Amino acid sequence: MHDTLTIKGARLHNLKNVTVSFPKNKLVVLTGLSGSGKSTLAFDILHKEGQRQYMESMGMVTDYLSKPPIDGIEGLSPSISVDQHLSNRSPRSTVGTVTEVYTYLRVLFARIGCRPCPICGGDVPPASFVTNTDGASPFEFEGDTIKDASDMDDTGATMDITETTPCPHCGASVPELGMAHFSFNKPAGACPACTGLGTTVQPNLSRLLDPEHSIAEGGVLLWNEEQSAHYGEVLQNAGKYYGFEFDLTVPIKKLNSIQRDLLLYGVYGEPFRQHFPDVKPPSTVGKGNIEGIVTNVMRRYREYARNPDSRNELEALLVTQTCPDCNGDRLRPESRAVTINGQTIIDLSRLPLSELTVWLAALPDVLPIEAHPIITPILDDLNARVRRLVDVGAGYLTMLRASPTLSAGEAQRLRLASLIGSGLTGVLYVLDEPTIGLHQRDTQRLIKVLRQLRDLGNTVLVIEHDLEMVRAADYVIDMGPGAGILGGEVVAAGTPEEMAAADSATGRYMSGRDILPVSQRRQGNGKHLIVHGARENNLKDITVSFPLGMLIAVTGVSGSGKSSLMLDILDRAARRRFYNAGDLPGKHLAITGWQSLDKVITIDQSAIGRTPRSNAATYTDTFTSIRQVFAAQIPGLDARHFSFNVPGGRCERCQGAGTLMINMHFLPDVEVRCPVCHGRRFKREILDVKYRGYSIADVLDMTITEAAALFVDIPAAYSRLALMEDVGLGYLKLGQPATTLSGGEAQRVKLAKELSRKATGRTLYLLDEPTTGLHIADVANLLKVLHGLVDTNGHKASANTAIVIEHNLDVIRAADWIIDLGPEGGDAGGKIIAQGTPEDVARVAESQTGKFLRITN
């Protein structure tokens, strides 16, 4: 029995023949500078090799899984990874559905929910109160999963429901509702108007029409001159058919309701047909058969559901709004009316999970004794699930929160909670920065959960930069000494105490021998951007004043309202003002002070590309100048031949991807290296073209730091590469697919792209946790970049404004101004707790952020 896990001679990527051992069944933290080799060691070697060996032991084919370049691994266990990549981006997926908490609530409401009688309006108790008296559970359980056999077939279509309950007040028969009636993903429960999404997509008329001009003058923005003439004639024909005149020279805003409905919805559109209910629409274009611009856009939007590029173009013409029928609640009216202890399932779905625990705890005491046999097994599992979610720091989330809106850290913590509930032992868990997005107040709670996972008999390996997590580990491995080719070595290993004494970047910051300097505070330019009456999500009608010309940190515990204020309100309102964007801002009264700004740049953690063909080089336009350099080496070639996205020089077997996807039928598809180009993406004759001894494929395989040295004499390429180095991405390979970048890496690529543009001195920068994925030594470089964003050309008198959502105390301490929200997450948050300089906030006793600023000062 191995008590330690030992890797021998690891040579993958930048690892330099690494041999390292660490104790099993312990909490082990793998730390080091960004790009030092942590992910390669943890995910690409330990996790993948653990999977390969496990599959091999089960007799499964593993020929497509290559063994990593190592001499050997001893003591390896089957592995489970929890990384930063969101696996579910369906708008139908919510926190409640992925954690199964909502599924358990559906059971409760189907069995013990009271529904109003449609005749007299009185409460009708569920039949199960009367019929189920033998103490048996009405549901079968398979492990932790409810076997839902209530009233749905395999397709999700409703089956006949013949059971009814007599109303105790008037005797009317009231149909029983099953689990499906409380699911917004099944026809029986989904709101018909929005099909359970809670939102509807509507045309943005400001993008379709210019109301000040007539159709003849180009008032329909989608039509060119020729189309305006053609469709104008059809509109006039339709007018003649129905007996009214359609004047093409009248400004669109002066069209009457009939003319406007014809233009927007066409002759078959319901709004227009209401004007002529007894008239059969014209059958030909010559007689006036026209589709209408709104009808046309919506039809194409539906048809292009499987064509992302075409659909993206149409999305610019649309706006997403809360469903007017269900008000965003997703369910049918009859399902929304069912209550337990006065609460509907939607009421509970809007509660933070921490408050849901309180409601669940009180439930047995308020229900009749005959309900206890029904609810006890369900409540036991439900309580356990919700407690685990609260313990991992997700207590501020609500069940209605859509999965695609979760940050990488939030998604990780939800999965971590489910892993704890699995009860597995003897497993190697590999986690990638689980503290992302957590306030310092919640980190200790997360540490406790990781120790619980360890105490079940598992090895917990955590990639982490947070020093509090490093200090809580049983064992620490520090990678370095630098990033990229300067990293790939184990520079220190041992207990946290031994690590603090080590002469490594991590050790020096742990011991306090190195600290981040704090620059002189800016005073701003005396102007303010003010958000009045912010009420989105949990914000409590607050008015927030942002002093311009400063680096501002918006802080607070997780779920306190930071993203609602910054991204849902300020970002969307700014994009509508400066760029006529379609997304409506969150609820607020007004924003004043825009006249002091001329543009907004939001740098969030969303992906920089949806396909593996996008990378840091293509996104920042660095690759364009690199391709031009190679094209200049051989007469007759142009930059197109050195693109892997278009035919010409790319390998056509894999179409420039370097890999092929193999369909594994009942297993996930597997990506294998292209057998023709061997992963190098280009034809042989293109690969033979060299610049200073390197092919285009060699360049794509270089780190940004290596490429900067190679192209130092090419200003167009070097300037962009140098900026990516400045934001801490020097270790990143130029050709690394965008889909494999973490949220923090994607954000820093965007930051580098924005830095390449000329600043105006009136720019507003909005950033969402830019320190994500950065070692504390890299944070120092990021702070220089953030200060550089504010100081235009080095002059503080003409400063831009940078506002960052941040938990990192080093960035918070370096800010000129802090706006701290709280005091808690969810409904207990949404207030301004403190604002001022870091020193001002540190003196506010009620501020959780202030508390930690005091501790670390």
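P823 is found in the loop between strand 29 (817–822) and strand 30 (831–836), where helices (H or I, at least four residues) and strands (E, at least two) are DSSP runs numbered from the N terminus. The structure is a predicted model, in which local features need pLDDT of at least 70 and side-chain atom pairs count only at pLDDT 80 or more, while totals for chains, interfaces and linings use all residues. Residues are numbered from 1 along each chain as its sequence is written, and side-chain values use heavy atoms, with hydrogens and water left out.

**Backbone features**

A cis peptide bond joins G822 and P823, with omega at about 5 degrees. The peptide bond from G480 to P481 is also cis, its omega being near 0 degrees, and P481 is found in the loop between strand 18 (475–480) and strand 19 (489–494).

Positive phi values occur at E433, near 50 degrees, and at H678, near 55 degrees. E433 belongs to the loop between strand 16 (428–432) and helix 16 (440–455), and its relative accessibility of 8% is why E433 counts as buried, a word that stands for under 20% relative accessible area, with exposed meaning over 50% and partly exposed in between (1.4 Å probe, protein chains only). H678, in the loop between strand 26 (670–673) and helix 23 (684–687), has a relative accessibility of 48% and therefore counts as partly exposed.

Helix 20 (residues 562–579) bends by about 25 degrees at L570, the bend at a residue being the angle between axes fitted to the seven residues ending there and the seven starting there. L570 is one of the buried residues of helix 20, and K562, D568 and D571 are among the others. Just after helix 20, N580 takes a positive phi of about 55 degrees.

**Aromatic pairs and charges over rings**

A search of the whole structure finds 15 aromatic pairs; rings of Phe, Tyr and Trp (its six-membered ring) pair if their centres lie within 6.5 Å, and planes under 30 degrees apart count as stacked, over 60 as edge-to-face and the rest as tilted. Two of these pairs are set out below.

| Pair | Centre to centre | Angle between planes | Class |
|---|---|---|---|
| Y102 and F184 | 5.3 Å | 40 degrees | tilted |
| F109 and F182 | 5.9 Å | 50 degrees | tilted |

Each pair links distant parts of the chain: Y102 in helix 3 (residues 101–112) and F184 in the loop between strand 11 (173–175) and strand 12 (199–203) are 82 residues apart, and F109 in helix 3 and F182 in the loop between strand 11 and strand 12 are 73 residues apart. Both Y102 and F184 are buried, as are F109 and F182. Elsewhere, ring pairs link Y241, Y242, F244, F272 and F276 into a cluster.

The charged end of R681 sits over the ring of F644, 4.2 Å from its centre, and K753 lies over the face of Y619, at 4.4 Å from the ring centre; the criterion is NZ of Lys or CZ of Arg within 6 Å of the ring centre and within 35 degrees of the ring normal.

**Nonpolar cores**

A nonpolar core is a set of buried Ala, Val, Leu, Ile, Met, Phe, Trp, Tyr and Cys residues joined through side-chain atoms within 4.5 Å. Of the 146 residues in the largest nonpolar core, L108 and F711 touch the most other members, and the largest share of this core, ten residues, comes from helix 14 (residues 372–394). A second, separate core of 29 residues includes W223, V234, L263 and I293.
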